[in-house]
Amino acid sequence: MPAQRDQIRGSFLGLAWGDAFGSPVEGWQPETIRAVFGDYLQLPDEYPLGRITPLGKKVLQRLRPLGLHSDDTQQAMALINVCLSGWSPEAWAEWLVAGRKKMAWRGYGRNFAAAVGKMAKGKPPRQTGTPTAGVGAAMRSAPLGALYRDDPERLAQVAMESSLCTHGDIRAAALAFAIAHAASALIAGQTPDQVRAGLPAVVAAREREWVHGHEDWTFDRSAGLAVSRCLEEFFAEDLHDPERIRARISELARPHLARGFTRAHPNQGFVLLGGLHGLVMALIPEEDPGKILAEIVAQGFDTDTVAAICGGLLGARYGTGWIPLHRLRDRARLEDYADALVERQGPPEDRATFLEREADWTKQEAAYQKTLAATAP
């Protein structure tokens, strides 16, 4: 068993690694991943541009520097800083708006952009969440389980509030809380089977609290207890084979899909697809966490975010020994964040420093993508 300190660090470093590992093929179809990389089992040392260039300029323009974290890790870092400075929705909104002004954020989705746009116009963060059940809140929430490992009420409060500021749907917040709670439980020494057994009821209690209370928050409550019910139905079966897991997730999610969703793929950016996939894969008996992440990324679609969700939980379960930390482009700084979760003595960076460093990485990524795009025929 890993030491608890290493599990705490792993909840963030596993997230960062899942993000970096999945980023090169984000948005790709699984057959394209196989055609370009074969078995995608590790982060490549360089892009095979000879096989990627024929895919077109749009693909080249989306490639990121190998090992560089994206918005999944960025938002987790910002959230850690806010929490270690003193959590409030207003402080969280200030960081998000400041990042927008500094042009620090990269790779973010339209729902995040819409919510931060409302914040920038002065709307209270309790009313800014975009009515979406996307996975953009779940991707950043595993480190909350480490940070509030001995304070379940605070954990629930921050997980729900930080989610609803950007993703105004009870399902998005409930799944983000489920990730944070699962990370906390694993760090506390619970087995994956114990986490699976207890999670539906714990999530249901928070769903009821928020659906029937917190009138000062504006968000879509209509889905009710959808997340806990799907968790209960899924965990009622003893599914460990990845293919059967994916089929069952798609089956459970299908009745909840919004109009326009044409395919219930388990790596899509909906909490009952990609969010549930990342969560349950982290709790299967497989003893090789790297193999689990590779199984997820091989499915294509929202690879970085689903892998970030799963990676944070795998880190909370196994610690950091399985993570190739040397492949993280900003390793020393990311490790400072992991250490800050252990010590809880204060934020690893002030806001100005965080934004300056992230804006610089964002500029480097943009320049890299521009160079690659210029090579397209």
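What covers the buried residues of helix 7? I began my notes there. Helix 5, helix 6 and helix 9 (152-166) are among the elements that do. I count heavy atoms within 4.5 Å as contact.

Before going on, I noted the basis. This is a predicted model, in which local features need pLDDT of at least 70, side-chain atom pairs count only at pLDDT 80 or more, and totals for chains, interfaces and linings use all residues. Residues are numbered from 1 along each chain as its sequence is written, and side-chain values use heavy atoms, with hydrogens and water left out. Helices are DSSP runs of H or I with at least four residues, strands are E runs of at least two, and both are numbered from the N terminus.

I listed the buried residues of helix 7 (residues 110-120): F112, A115, V116, G117 and M119. Buried means under 20% relative accessible area, exposed over 50%, and partly exposed in between, with a 1.4 Å probe and protein chains only. Just after helix 7, I found G122 with a positive phi of about 95°.

I then looked at M103, in the loop between helix 6 and helix 7. M103 is not a glycine, yet its phi is positive, about 60°. M103 counts as exposed because its relative accessibility is 64%.

P125 is buried, at a relative accessible area of 8%. Setting aside neighbours within four places in sequence, I found P125 in contact with P89, E90, A93, C165 and W217. I also looked up P125 and G321: they are 196 residues apart along the chain, and their C-alpha atoms are separated by 38 Å.

**H214**

H214 lies in the loop between helix 11 (192-211) and helix 12. I noted a positive phi of about 55° here too, although H214 is not a glycine. At 25% relative accessibility, H214 counts as partly exposed.

**Two helix pairs**

Two packed helices are described by the angle between their axes and the distance between the axes. Axes are lines fitted to C-alpha atoms, for helices over the stretch in contact, and angles run from 0 to 180 degrees between N-to-C directions.

Angles under 35 degrees count as roughly parallel, over 145 as roughly antiparallel, 65 to 115 as roughly perpendicular, and the rest as oblique. From helix 5, I saw Q75, A78, L79, N81, V82 and G86 meet A91, W92 and W95 of helix 6. This contact of helix 5 with helix 6 has 6 nonpolar, 3 polar and no charged residues. Ala, Val, Leu, Ile, Met, Phe, Trp, Tyr, Cys and Pro count as nonpolar, Asp, Glu, Lys and Arg as charged, and the others, Gly among them, as polar.

Next came helix 1 (residues 4-22) with helix 17 (residues 331-343). They pack at about 140°, axes 8 Å apart. Helix 1 and helix 17 are therefore oblique to each other. By class, their contact holds 9 nonpolar, 1 polar and 5 charged residues.

**Helix 13**

Among the buried residues of helix 13 are P242, I245 and R246. Their cover includes helix 12 (226-235), helix 14 (271-281) and helix 15 (289-297).
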